Amino acid sequence: MKQFEDKEQVLLAYYVQYYRGATTEEVKALHQRLKEGIGSERYEKAMAALQEEGLVNGMEQVEQGETEGAPVPMATNEGMLYINDTLNLQSYTVEEHQLDYLENNLKTSNLEFTLEPVKAYVEESIRKRAEEEPNSNRP
């Protein structure tokens, strides 16, 4: 089984959060949840690598966006494309079904989560999405 690197797992959590339509407060809450769940040092190391590669904005930019009245997601466009490429997800699919495709991909791929807080968040988010739209035409 192939394991996600820490930074890829953290990015995946923010990818999922983007498709859930997160507010700045929700971005802050996930940031804190992952930092506490993974451990501050390990989380900050993953975030630093992601920021250096331009895959996430970082809390400073997220908070600045809120102050300026223009919400900024944690994951950048490059970060979203990185996840699409890594998991072979089609970026042109209908946005409201992106989490369905992700769920199907995670079930059929041999990718293994090593960060339990990320795995829990991703599974919880996918489950909530399904509960919110139980009768939608899911792929």
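Biologist: Which residues line the second largest pocket, and which elements give two or more residues to that lining?
Modeller: In this predicted model, the lining consists of Glu 103, Leu 106, Lys 107, Phe 113, Lys 119, Val 122, Glu 123, Ile 126 and Arg 127. Two or more of the lining residues come from each of two elements, helix 6 (98–108) and helix 7.

Biologist: Which helix gives the most to the lining of the second largest pocket?
Modeller: The pocket holds about 160 Å³ of space. With five residues, the one that gives the most to its lining is helix 7.

Biologist: How many nonpolar, polar and charged residues are in the lining of the second largest pocket?
Modeller: Leu 106, Phe 113, Val 122 and Ile 126 are among the lining residues, and Leu, Phe, Val and Ile count as nonpolar. Glu 103 and Lys 107 are also in the lining, and Glu and Lys count as charged. The division is four nonpolar, no polar and five charged.

Biologist: What is the volume of the largest pocket?
Modeller: Its lining includes Gln 17, Arg 20, Tyr 121 and Lys 128. Helix 2 (24–38) and helix 7 (116–132) each give two or more residues to that lining. By class, the lining has four nonpolar, two polar and five charged residues. The volume is about 190 Å³.

Biologist: Which residues of helix 6 are buried?
Modeller: Buried means under 20% relative accessible area. The cover over the buried residues of helix 6 includes helix 1 (6–19), helix 5 and helix 7. The buried residues are Gln 98, Leu 99, Asp 100, Leu 102, Glu 103, Asn 105 and Leu 106.

Biologist: Is Asn 77 buried or exposed?
Modeller: Asn 77 is placed in helix 5, which covers residues 77–86. The cut-off for exposed is over 50%. Because its relative accessibility is 53%, Asn 77 counts as exposed.

Biologist: How far apart in space are Asn 77 and Leu 55?
Modeller: Along the sequence, 22 residues separate Asn 77 and Leu 55. In space, C-alpha to C-alpha, the distance is 7.4 Å.

Notes: Residues numbered from 1 in each chain as written. Predicted model: local features only at pLDDT ≥ 70, side-chain atom pairs only at ≥ 80, totals over all residues. Heavy atoms only, no water. Helix = DSSP H or I, 4+ residues; strand = E, 2+ residues; numbered from the N terminus. Buried < 20%, exposed > 50% of the residue type's maximum accessible area, 1.4 Å probe, protein only. 1 Å grid on protein atoms, 1.4 Å probe; cavity = no way out; pocket = protein on both sides within 12 Å on 5 of 7 lines; lining within 4 Å. Points joined across faces, edges and corners; volume = space filled by probe spheres on them. Contact = heavy atoms within 4.5 Å.
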